[in-house]
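Work through the exercises below with the structure in view. Try each task before reading its solution.

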Amino acid sequence: MDAKCKYLLYKYLTYVVVSLATLSAFQKSQAQPKTDSLLNLITPELSDSLKAQYYYEIADIFNENDSSIHYSLLSLSYCSAYDEKLLANNYHNLAVNYHMQDATIEALDYSHRALEIFEKIEEPLSVVRCYNVISSCFEDFNNFDSALYYANKALEICVEKCDTGLLTYTYCNIGRINTNIGFYESAEDYYQMAYFLDSVSGNSLDLANDCYYIAALYEAFGLGYYDKAKEYMQKAVSILDSLPTDDPYYITCRYNSYSELAHIYIKLAQQTGNESYADSCLFCLVEVGNYYFQQREYSNYISNSFVFVDYYLFYDKYEDALKVLLECGKYLSKLVSNVDKLTYYEYLSNIYVHLGNYKLAYENQLKRFECGQHVLNDSTLSAVANSKVEQAMMIEKMEQKRIAELHEAEKHRMRIVIISLICGLSLVGLLVIVMTQLFRQKRKSNLVLAHKNEMLAEQKEEITAQNEKLAEQYTQLEQQNEQIEHQRDVIQASINYAHRIQESLLTPASAIGEIFPNHFLLYKPRNIVSGDFYWVRQFGDNKVCVVADCTGHGVPGGFMSMLGITNLNYIVGQELKPDIILNRLRDAVITSLRQHIVIDDVEENIAQSRDGMDVAIYVINERQMTLSYAGANNSLVLIRNDEEIVLKPNKMPVGIYAKMLPFVRIDMDLQKGDCIYTFTDGYQDQFGIASGRKFMSKRMRELLLEIHNRAMEEQKEILELAFNEWCGPAENQTDDVLVMGVKI
């Protein structure tokens, strides 16, 4: 997700949390009499079943998390094991309240407990609520694959049961997850479906929230979408203006919508230069007034002040903008997030530059950089930032070296010129002395000496010109050499950077170790960037493993591997059957590479592009001890009790092909101790340094059969040693090598 989208998502979550907090305070005052009456009913002689029921009703009334958790735990202490529905309701209530307190592990545990009971007693709508909480928990862990998996399971039940309320909530949940992983078009589709259903049902508040969400998404798209963002935010404002004005929850939603609409108007004004948009922005800001300051919502107060600053900057009123910033700066220490602090110091620095106070501009820029170090704490962004710093330092060192060499060359040239001048002057002086001495003796030879002197002067000029020409040629050669060195360094840096990007997309070794504790991975790219890739994920009890070989190696193969990984991230979250995954991956590759088929008069299929990938994919459910496999030119070898079982693939790639048939899935039961091996053709196709022949698949399977009883790490060492002895020096490697082994 880019920085703009992260900023909008942060503002929207702030909007929801503040609104819920206001609603909680309002409902708490309304629910207190009912809570007191229920507490009065609970006496020592009351049966445990009634105590459990009353405590749950009290917990359900409370909107304050700690109190709700307290009474749910009390209810569980009196609840009978046979009252399954009450147990499940308490578990679900605990999951929701723990999740709102950011206790995600506890929330996930109680959600699974509730889910197990609701599935047992067949309450599908309660199952949907559990799936949505589990999805949100995985989203908190940034495990968007699992979050999307459970959200889609909830969606299937909602559609089957035609429950509009849960369906719109689930659509928004899936839309938010797609926003997090950068699938903005998919997010837009889900938000629009929620908007349509809420429009039909007439749920005004949910419809306003849908409009707000859609507007925030369009604003994240940037230039060209601000008009759509304005349209939906105006709808949200119009709906909230029509709702009751005495309800604190609606009031908070209304002010937040006006504040965001002001932000959109000023963006339109900056984009188009139209002052009417700036005037509309001011109208919205006046409508918000001092609401956030009065409510002590300092984050929203400062964000709203930034819109005021943009309004004044639009009219070049730098002094007025500075006053607004200095006023809201008094409350900067109350902020938890560094995002607004970063924006605050950036505004101050730019305004001081325009006012000519460069000292204060520099000081605020330093503060901005300090905040930026806290904001850029994501591992991927930090890696990119460090890379850019390293590149800048390298360029600076090269520039200093180039300047030093130019200075040295200039000094050398000046020394040559000075020496030449000294020699010439010395020679002229010597000639003058000789001519003076011989003037009286050889008057007749004066003309000859003068002629010689002229010849020497011409020769000196020619030598000087030649020296200057040689110096120029030397300088040009030095410049050309520096340019070639620079180009080589840039290309190498680009390839290394591509390698880091590819490594960040591959499944981390720690994640593979958590999913398959007993495994090995032999991964030897031929070049820095590899055309082979692996992809491992877990969805519930299902563990998915993909080993693939893309067309080509190096940078072209790396591009193909990124195409495969990106599409797998999207496809596998929705489908866990290997054959269907391969079919959808093939469709995605054909679409992405713009491959198509031409049918001539003989009705032959001629592929316009043969780019694609060979893939082996299998799904393991260790609880049920089953394996499902499908392959595109890549087989799977399973060794059980010293016996080799080869699961053969379809003889066609993932990509365009002369005769494309659906991929076939092979299912089989697993046994403890089974060893599963998947690999690309790089190992078996390697030419031997001594024999000049390929290693061959038969020899490779025999080697696997020989070593399969050893520890997985030892198997990897044996395979790598055998490959290195067969291949010889690393430059002899002809293709990328990838072998993965998993022991059940």
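**Exercise 1.** Which residues form the nonpolar patch on the surface, and what accessible area do they have together?

*Solution.* The patch consists of Leu427, Leu430, Val434 and Leu456, with about 290 Å² of accessible area together. This is a predicted model: local features need pLDDT of at least 70, side-chain atom pairs count only at pLDDT 80 or more, and totals for chains, interfaces and linings use all residues. Residues are numbered from 1 along each chain as its sequence is written, and side-chain values use heavy atoms, without hydrogens and water. Patch residues have over 30% relative accessible area and no salt bridge; like charges are joined within 9 Å, nonpolar side chains (Val, Leu, Ile, Met, Phe, Trp, Tyr) within 5 Å. Areas come from the Shrake-Rupley method with a 1.4 Å probe; for residues, only the protein chains shown count as cover.

Next, locate the patch. Helix 19 (residues 379-439) gives the largest share, three residues. Helices are DSSP runs (H or I, at least four residues), numbered from the N terminus. Leu430 is in helix 19. Leu430 has 48% relative accessibility, so it counts as partly exposed. The classes are buried under 20% relative accessible area, exposed over 50%, and partly exposed in between.

**Exercise 2.** How many aromatic pairs does the structure hold? Classify two of them by geometry.

*Solution.* There are 30 aromatic pairs. One of them, Tyr218 with Tyr225, is stacked: 6.1 Å centre to centre, 10° between the planes. Rings of Phe, Tyr and Trp (its six-membered ring) pair if their centres lie within 6.5 Å; planes under 30 degrees apart are stacked, over 60 edge-to-face, the rest tilted. Tyr218 is buried because its relative accessibility is 3%. Tyr225, at 34%, is partly exposed.

Now take Phe293 and Tyr331. Their ring centres are 5.2 Å apart and their planes at 80°, so this pair is edge-to-face. The pair links distant parts of the chain, 38 residues apart: Phe293 is in helix 14 (residues 291-294), Tyr331 in the loop between helix 16 (318-328) and helix 17 (339-355). Phe293 is partly exposed at 32% relative accessibility, whereas Tyr331 is buried at 16%.

**Exercise 3.** Where is Asn93 placed, and is it buried or exposed?

*Solution.* Asn93 belongs to helix 4 (residues 84-100). Its relative accessibility is 11%, so Asn93 counts as buried. Then list its contacts (heavy atoms within 4.5 Å). Leaving aside neighbours within four places in sequence, Asn93 touches Ala59, Ser68 and Ser72.

Terms used
Salt bridge = Lys/Arg side-chain N within 4 Å of Asp/Glu carboxyl O. Helix = DSSP H or I, 4+ residues; strand = E, 2+ residues; numbered from the N terminus. Buried < 20%, exposed > 50% of the residue type's maximum accessible area, 1.4 Å probe, protein only.
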